[in-house]
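Reader: I'm new to protein models. Could you show me how to read one, feature by feature?

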Amino acid sequence: MAIVAKPSRFAKYGRPALAWIVGLLFFFPIFWMVLTSFKTDADAVKPEHLIWFTPTFENYLNMTENYDYWRFAKNSVISAVFATVFTLFVGIPCAYAMAFNPSRATKDVLMWMLSTKMLPAAAVLYPMTFLTKSAGLFDTHFLIILVLSLINLPIVVWMLFTYFKEIPKDIIEAGQMDGVNTWGEIKEILVPLAWGGIASTALLCFIFCWNEAYWTVRLTTTDAATLSKLIEGNRAPEGLFFGRLSAVSAAAVGPIIVLGWFCQKQLVKGLTFGAVK
């Protein structure tokens, strides 16, 4: 008869406590940002008003009335959604070809794509700015969508390649024997089988596009400016306006936190279990 060992005190109490501590440490900056957003700019820098203060909605009212928050939010949604769709439109066939029709150069191409993520963005800032202004693309949605797509394409291809490799090649070959063309293989066989992985990849790509600040700040002025540009605008020679800055930041990260909260099960499932089991 097998003897089941009792869990130790650390396993019973220590691990949950450690998990709560780590979770609170990650959550604390968000909590502090939201708390500061209800302070005036003067109260935000006063030590005596660190915890006890009179809450105000002045920063949020000022953000919507004077800073045109909704225009920046609309630009962020447009850029993130279209960049995610375009990246998947290119990444799915690319990962399909590498997973089911590999060549000698497949690994080299994958490594080259990944190496582009190691390139310092500042190294290509000047040529990017010069070329986009010369082509008349500066401060346009097309430019931001294209840049966000190119930035996230290597990660998307790598993730999809991993998911597609778990799909038995016999299923694809069976579809080929039935006369299914390449587009039919992707649409009718590959996408349904790898839907969990594709959804997880799309969610991560959307988050990366939404959070991108370096290029969206430096390649826009007004027309295509996203929420990152609005956050960066709360800076003046006099210093940072912490109350207004916190309100804008909270409004910028709020939608993506809510999206991540509702999609966390699908995200974890897709990242953990892959495409087919």
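Author: Let's start with contacts, meaning heavy atoms within 4.5 Å. Among contacts in this chain between residues at least 6 apart in sequence, 77% join residues at least 24 apart. This is a predicted model, where local features need pLDDT of at least 70 and side-chain atom pairs count only at pLDDT 80 or more, while totals for chains, interfaces and linings use all residues. Residues are numbered from 1 along each chain as its sequence is written, and side-chain values use heavy atoms, leaving out hydrogens and water.

Reader: How many helices and strands does the chain have?

Author: Both are DSSP runs numbered from the N terminus: helices are H or I with at least four residues, strands E with at least two. Here there are 13 helices and two strands.

Reader: What percentage of the residues is buried?

Author: Buried means under 20% relative accessible area, exposed over 50%, and partly exposed in between (1.4 Å probe, protein chains only). Of the 277 residues in the chain, 38% are buried.

Reader: And which residues touch the most other members of the largest nonpolar core?

Author: In soluble globular proteins, nonpolar side chains tend to be buried together. A nonpolar core is a set of buried Ala, Val, Leu, Ile, Met, Phe, Trp, Tyr and Cys residues joined through side-chain atoms within 4.5 Å. The largest one has 58 residues, and Tyr69, Ile92, Tyr96, Phe100, Leu160, Phe164 and Leu227 touch the most other members. Helix 6 gives the most to this core, 14 residues. Leaving aside residues up to four places away in sequence, Phe100 touches Phe164, Ile167, Lys169, Ile172 and Leu190.
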